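Here is a brief report on one protein model. Please look over the sequence and the coordinates before reading on.

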Amino acid sequence: MPHRSLVKLLLATAFFVYAFCINHVRAQEMDPRIDWDDAHQWIAPGPNDFRGPCPGLNTLANHGFLPRDGKNLTVSVVADAALKGYRMQQEVVTLAAKLSFLTTNDPVYYTLDDIKLYGVIEHDASLSRHDFALGDNVHFNETIFSTLANSNPGVDYYNITSAGQVMHQRLADSELNNPSIINTEKELHFRSVESAFYLSIMGDPLTGIAPKNFVQIFFREERLPLAEGWKRPSTPINLTTMDLLTSQIAEASNWTSSGGCPWIRLGPDQPVSIVQGT
Ligand code: HEM
Ligand SMILES: *[C@@H]1O[C@H](CO)[C@@H](O)[C@H](O)[C@H]1NC(C)=O
Ligand SMILES: *[C@@H]1O[C@H](CO)[C@@H](O)[C@H](O)[C@H]1NC(C)=O
Ligand SMILES: *[C@@H]1O[C@H](CO)[C@@H](O)[C@H](O)[C@H]1NC(C)=O
Ligand SMILES: *[C@@H]1O[C@H](CO)[C@@H](O)[C@H](O)[C@H]1NC(C)=O
Ligand SMILES: *[C@@H]1O[C@H](CO)[C@@H](O)[C@H](O)[C@H]1NC(C)=O
């Protein structure tokens with residue numbers, strides 16, 4: 001009997017040690033520093049919270065990685081949020097985060113609403129928003145988004161090929177309907193980066209394969225699909241992974257310019273400012 005008790009005790013001890021270790025490893029994979037259930041749970045924006053044309057930043061605000069009111073953004077606030085929420089290295093977002101200061105006269109902070117200023121980053125032929133000249137260039141529009149939603153039929157993921165096709169179709173639609181379309185290499189670059197963003201954060205930053213339901217929840221609800229099984233990418237998103245995906249997507253989009261030189265708006269009160277084209 002004492003012998004049997006000892007065996008039981010050993011087995012029980014072994015079980016607890018095993019259970020503890022496994023949980024510990026799981027906890028590390030999940031990153032215990034991120035409190036998804038409380039500080040970083042999804043909360044829809046309230047009437048006084050600012051949101052804008054970027055589903056990536058809106059989602060970070062809805063999960064409390066950015067200030068939930070969408071205000072007081074700086075380069076480091078945005079870079080920290082992207083790292084925590086998406087495992088995206090800071091150099092990937094620095095350029096856009098700096099350029100956004102052109103959208104406001106406030107030299108210290110910008111808001112998620114400021115960045116809608118057409119001609120800084122905001123552009124035509126978006127994936128989920130109208131062209132500035134045609135309608136609401138800030139809020140999600142299901143009709144616009146249907147091109148992406150319905151792409152890559154027959155499988156349950158989006159990839160580099162489908163992302164390129166969607167960009168091609170969205171551009172063709174804008175070329176047909178928007179006489180004041182602006183579509184130079186600058187817009188091609190931002191649009192390709194944005195497509196690489198959704199494939200990377202909702203899928204695999206190396207292969208560019210992303211489950212359709214994750215991507216759709218991200219755009220439609222500006223929510224991280226945690227309940228549906230989403231985890232932050234296991235590979236950190238850095239300039240190498242982004243450049244590879246971005247160039248392949250641009251290639252797959254068969255892009256042609258609509259004419260004109262790249263330009264950038266220098267401030268909210270400034271007229272369109274021509275910058276010497278390449
Ligand atoms: C943190 C990672 C980011 C992700 C995952 C992300 C994702 C995206 C995506 C998918 C779009 C395309 C929306 C569409 O075409 O309908 C977009 C657009 C945009 N993003 Fe982001 N973004 C990120 C970071 C940033 C940063 C750092 C800024 C600037 C501070 C920014 C500003 C914008 C703007 C202004 C647009 C509107 C462009 C347009 O469609 O006209 N984004 N973003
Ligand atoms: C947030 O930004 C506003 C200006 O947009 C400023 O007045 C306010 O003091 C800032 N709040 C904090 C906590 O820095
Ligand atoms: C969404 O886009 C469609 C197609 O251009 C348009 O008819 C509709 O009014 C837009 N919806 C909203 C809410 O802006
Ligand atoms: C993307 O998926 C489609 C459908 O399965 C496939 O035909 C295409 O080759 C894929 N593209 C890439 C780059 O794997
Ligand atoms: C791009 O061009 C190639 C070769 O003409 C074609 O096979 C492909 O379907 C085109 N892709 C798009 C998105 O138009
Ligand atoms: C980016 O990530 C890839 C994949 O993990 C890695 O091979 C590469 O060395 C990284 N590049 C930089 C600049 O950190």
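## Basis

This is a predicted model: local features need pLDDT of at least 70, side-chain atom pairs count only at pLDDT 80 or more, and totals for chains, interfaces and linings use all residues. Residues are numbered from 1 along each chain as its sequence is written, while chains are lettered from A and ligands numbered from 1 in the order in which they are written.

## Overall fold

The protein has nine helices and two strands. These are DSSP runs numbered from the N terminus: helices are H or I with at least four residues, strands E with at least two. Their order along the sequence is α-α-α-α-α-β-α-α-β-α-α.

Of the 278 residues, 38% are buried (20 or more other C-beta atoms within 10 Å of the residue's own, C-beta atoms being placed from the backbone).

## Helix 6 against helix 9

Helix 6 (residues 160–177) packs on helix 9 (residues 239–252) at about 55°, with axes 7 Å apart. Axes are lines fitted to C-alpha atoms over the stretch in contact, and angles run from 0 to 180 degrees between N-to-C directions.

Helix 6 contributes Ile160, Thr161, Ala163 and Gly164 to the contact; helix 9 contributes Leu245, Gln248, Ile249 and Ala252. Contact means C-beta atoms, placed from the backbone, within 7 Å.

## Ligand shells

Gly164, Gln165, His168, Ser253 and Asn254 surround ligand 5. Around ligand 3 are Gly135, Asp136, Asn141, Thr143 and Ile144. Shell residues have their C-beta atom, placed from the backbone, within 6 Å of the molecule.

Methods: Contact = placed C-beta atoms within 7 Å. Buried ≥ 20, exposed ≤ 12 C-beta atoms within 10 Å, placed from the backbone.
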